[in-house]
Amino acid sequence: MQDPNADTEWNDILRKKGILPPKETPKEEEEEEEEEAQILKLQSVVKTYDDMTLQELEENEDEFSEDDERAIELYRQQRLAQWQATQLKNVFGEVLEISGQDYVQEVTNASKDLWVILHLYKQGIPLCTLINQHLAGIARKCKDVKFLKSISTTCIPNYPDKNLPTIFVYRDGEIRAQFIGPLVFGGMNLTQDELEWKLSESGAIKTELEENPRQQIQDQLLTSIRSSCAINKDGDSDED
């Protein structure tokens, strides 16, 4: 005897003629279909109000049905999360000047939640001025990082000028990297890309540079020196 519940062409004909009852849909399939229908309904409601601002949603909430309210609340949370994420990425964008009194609040406490880069400098030191200029450019690109500068002796009394410029990189209340003295920075030939690469190696910033710019210069110098040596060697051979 043929199974009346079997999914066959003959049973389909019998169901159409009313000889067999309609095939029962498994409960799980019914629940899935109902859930999908609910999601589609909520999505359609969200799409309707997609162009509204958070303020407009609040002003019109009296007109919403129960389904509307659920969808709008979901949409409101998504929009709020997106807005908060955007704000966190665009908090800074410049190098702020601080004094010794601001140090704990602006550096130690702040670095528990984000990267903080502090430049200790003094007026009249050309390399300090150059680094401040480079940091200003980097800060505009990395707005999620807190860039600070401070006259060295206001933060650390009697801090020696020979250690300037100095950059400290903080995270979670601790120094994660430090760059102390002119030799570390390579002198007045330092470029913004080189400084950006140096800071990226500490993990404080993300850079789009694919390789160390300083290494490129070194490679070019080595190539130039080797070429010069080869030419001189050929010249000596001709004279011999």
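In the predicted model described here, Glu-97 has Lys-149 of strand 3 as its bridge partner, strands being DSSP runs of E with at least two residues and helices DSSP runs of H or I with at least four, both numbered from the N terminus. Because the model is predicted, local features are reported only at pLDDT of at least 70 and side-chain atom pairs only at pLDDT 80 or more, whereas totals for chains, interfaces and linings use all residues. Residues are numbered from 1 along each chain as its sequence is written, and side-chain values use heavy atoms, with hydrogens and water left out.

Strand 1 and strand 3 (residues 146-151) pair in the parallel sense over three bridges, where pairing requires that DSSP find at least two bridges between two strands. Leu-148 in strand 3 stands opposite Leu-96, and Leu-148 also stands opposite Leu-118. Between strand 2 and strand 3 the pairing is likewise in the parallel sense, over six bridges. Taken as a whole, the sheet is open and consists of five strands in the order 1-3-2-4-5, with mixed pairing. Strand 1 (95-97) and strand 5 are found at the edges, each with a single partner strand, so one side of each is left without a neighbour in the sheet. From one strand to the next, the twist averages 25°.

Two of the helices can be described relative to this sheet. Helix 6 lies across strand 1, strand 2 (116-121), strand 3 and strand 4, and runs at about 160° to strand 2; axes are lines fitted to C-alpha atoms, for helices over the stretch in contact, and angles run from 0 to 180 degrees between N-to-C directions. Helix 9 packs on the sheet by touching strand 2, strand 3, strand 4 and strand 5, and its direction makes about 35° with that of strand 4, contact being defined as heavy atoms within 4.5 Å. Helix 9 is mostly covered, with seven of its ten residues buried, where buried denotes under 20% relative accessible area, exposed over 50%, and partly exposed the range in between (1.4 Å probe, protein chains only). The buried residues of helix 9 are Glu-194, Leu-195, Glu-196, Trp-197, Lys-198, Leu-199 and Ser-200. After helix 9 comes Gly-203, which has a positive phi, near 95°.

The largest nonpolar core contains 22 residues, of which Ile-117, Phe-147, Ile-167, Val-169, Leu-195, Leu-199 and Ile-205 touch the most other members; such a core is a set of buried Ala, Val, Leu, Ile, Met, Phe, Trp, Tyr and Cys residues joined through side-chain atoms within 4.5 Å. At least two residues of this core are supplied by each of helix 6 (126-141), strand 4 (166-171), strand 5 (174-180) and helix 9 (192-201). The most is given by helix 6, with six residues. Apart from this core lies another, of 15 residues, among them Leu-114, Leu-118, Cys-128 and Tyr-159. When residues up to four places away in sequence are not counted, Phe-147 touches Glu-94, Val-95, Leu-96, Ile-117, Leu-135, Ile-138, Ala-139, Cys-142, Leu-199 and Ile-205.

A search of the whole structure finds three aromatic pairs. Rings of Phe, Tyr and Trp (its six-membered ring) were paired if their centres lie within 6.5 Å, with planes under 30 degrees apart counted as stacked, over 60 as edge-to-face and the rest as tilted. Tyr-103 and Tyr-170 form an edge-to-face pair, at 6.3 Å centre to centre and with 80° between the planes. Tyr-103 lies in helix 5 (residues 103-109) and Tyr-170 in strand 4, so this pair ties together parts that are 67 residues apart in sequence. Tyr-103 counts as partly exposed at 25% relative accessibility, whereas Tyr-170 is buried, with a relative accessible area of 4%. Phe-179 and Phe-185 form a tilted pair, at 6.4 Å centre to centre and with 50° between the planes. Phe-179 is buried at a relative accessible area of 12%, and Phe-185 is buried at 1%. One aromatic cluster is formed by Tyr-103, Phe-168 and Tyr-170.

For the protein chain overall, the secondary structure comes to ten helices and five strands, and 31% of the 240 residues count as buried. Among contacts with a separation of 6 or more, 61% are accounted for by residues 24 or more positions apart.
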